[in-house]
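Please examine the sequence and the structure below before reading the briefing.

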Amino acid sequence: MAVCDFDMHFTYASIGQPGSMHDTSVVFHAIENDKATFPHPPKGKYYLVDAGYPNRDGYLAPYKGERYHVPDFQRGAPPTTPVEKFDRVHSSKRNTIERTFGVWKMKWQILLKMPNYSISTQKMIIAATMTLHNYVRLHDKEDLHFLRCERDPDYVPTIPERYKYVIPPNASDVSTPAESGPNMDLFRHELVTAIALSW
């Protein structure tokens, strides 16, 4: 699990949970294990998360069961309902994490087919490549991967076909069983109304 900012820097990572863990379990595990360092959002702020997370204080999730991903709107009709409009805006902003992970994996393709190293070595490779990713983003203004993202806000690097068989299905598309928080549900409803009125 990773947190990134809108400049495509990784700001936090929890490395080492099994790939079969649900997103909600991963975040709760990270919060418990990194009590002193987990970057909780400040009061009144929130992380944009996908449907794999509950809509709770500090974590703004999209509506489930609606069109969500940017390509869904690019290929089909524009959003019509207030909820679809909200999900379209949410997706376009949260797309930063998809782009960040895409650039990271394309730049260090060892991540696409990790050699048979020990788990501790694999964790070090992940941490090192995230650190290098941030360094390149901060210091190399001519980096081709990042320049392409800056030129096209909808560009998301794609995994080459030859690696797709080793990439597990995206667990983030699976809805969480955890309950939402009433305060965040009310906040999300207010955002839906504001987006619909200004559309």
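The points below are grouped by topic.

This is a predicted model, in which local features need pLDDT of at least 70 and side-chain atom pairs count only at pLDDT 80 or more, while totals for chains, interfaces and linings use all residues. Residues are numbered from 1 along each chain as its sequence is written, and side-chain values use heavy atoms, with hydrogens and water left out. Helices (H or I, at least four residues) and strands (E, at least two) are DSSP runs numbered from the N terminus. A residue is called buried under 20% relative accessible area, exposed over 50%, and partly exposed in between (1.4 Å probe, protein chains only).

**Aromatic rings**

- Rings of Phe, Tyr and Trp (its six-membered ring) count as a pair if their centres lie within 6.5 Å; planes under 30 degrees apart are stacked, those over 60 are edge-to-face, and the rest are tilted. By this rule there are 7 aromatic pairs.
- One of them joins Tyr-12 and Phe-38 in an edge-to-face arrangement, with 5.1 Å centre to centre and 70 degrees between the planes. This pair links distant parts of the chain, 26 residues apart: Tyr-12 belongs to strand 2 (residues 10-13), and Phe-38 to the loop between helix 1 (23-33) and strand 3 (47-48). Both Tyr-12 and Phe-38 are buried.
- Tyr-63 and Phe-86 also form an edge-to-face pair, at 5.7 Å centre to centre and with 85 degrees between the planes. Here too distant parts of the chain are linked, 23 residues apart: Tyr-63 is in the loop between strand 4 (59-60) and helix 2 (70-75), and Phe-86 is in helix 3 (residues 82-107). Phe-86 counts as buried, at 3% relative accessibility.
- Phe-10, Phe-101 and Trp-104 make up one aromatic cluster.

**Charges over rings**

- A charge sits over a ring if NZ of Lys or CZ of Arg is within 6 Å of the ring centre and within 35 degrees of the ring normal.
- The charged end of Arg-188 meets this rule over the ring of Tyr-63, 4.0 Å from its centre.
- The charged end of Lys-107 sits over the ring of Trp-108, at 5.9 Å from the ring centre.

**Salt bridges**

- A salt bridge is a side-chain nitrogen of Lys or Arg within 4 Å of a carboxyl oxygen of Asp or Glu. The count by this rule is 7 salt bridges.
- Arg-94 and Asp-50 form a salt bridge through their side chains (3.9 Å, N to O). Arg-94 is in helix 3 and Asp-50 in the loop between strand 3 and strand 4, so this pair ties together parts 44 residues apart in sequence. Arg-94 is buried, at 8% relative accessible area, and Asp-50 is buried at 9%.
- Between Glu-150 and Arg-137 there is a salt bridge whose closest N and O atoms are 2.6 Å apart. Glu-150 lies in helix 5 and Arg-137 in helix 4 (residues 119-139), so the pair ties together parts that are 13 residues apart in sequence. Arg-137 is buried, at 15% relative accessibility.
- Arg-188 is joined to Asp-185 by a salt bridge, with the closest N and O atoms 3.4 Å apart. Both residues lie in helix 6, 3 residues apart, about one turn of the helix. Arg-188 is buried, with a relative accessible area of 8%, whereas Asp-185 is partly exposed, at 28%.

**Cavity and pocket**

- On a 1 Å grid over the protein atoms alone, a cavity is a set of points where a 1.4 Å probe fits but cannot get out; a pocket is an open set with protein on both sides within 12 Å along at least five of seven lines, and lining residues have an atom within 4 Å of a point. Grid points are joined across faces, edges and corners, and a volume is the space filled by probe spheres set on the points.
- The structure holds 1 cavity of 30 Å³ or more, and the largest cavity has a volume of about 40 Å³.
- Among the residues lining the largest cavity are Arg-137 and Glu-150. Helix 5 (residues 144-151) gives the most to this lining, with 3 residues.
- The second largest pocket has a volume of about 240 Å³. Its lining has 13 residues, of which Lys-43, Gly-44, Lys-45, Asp-57 and Gly-58 lie nearest its centre. Helix 6 (residues 182-198) provides the largest share of the lining of this pocket, 3 residues.
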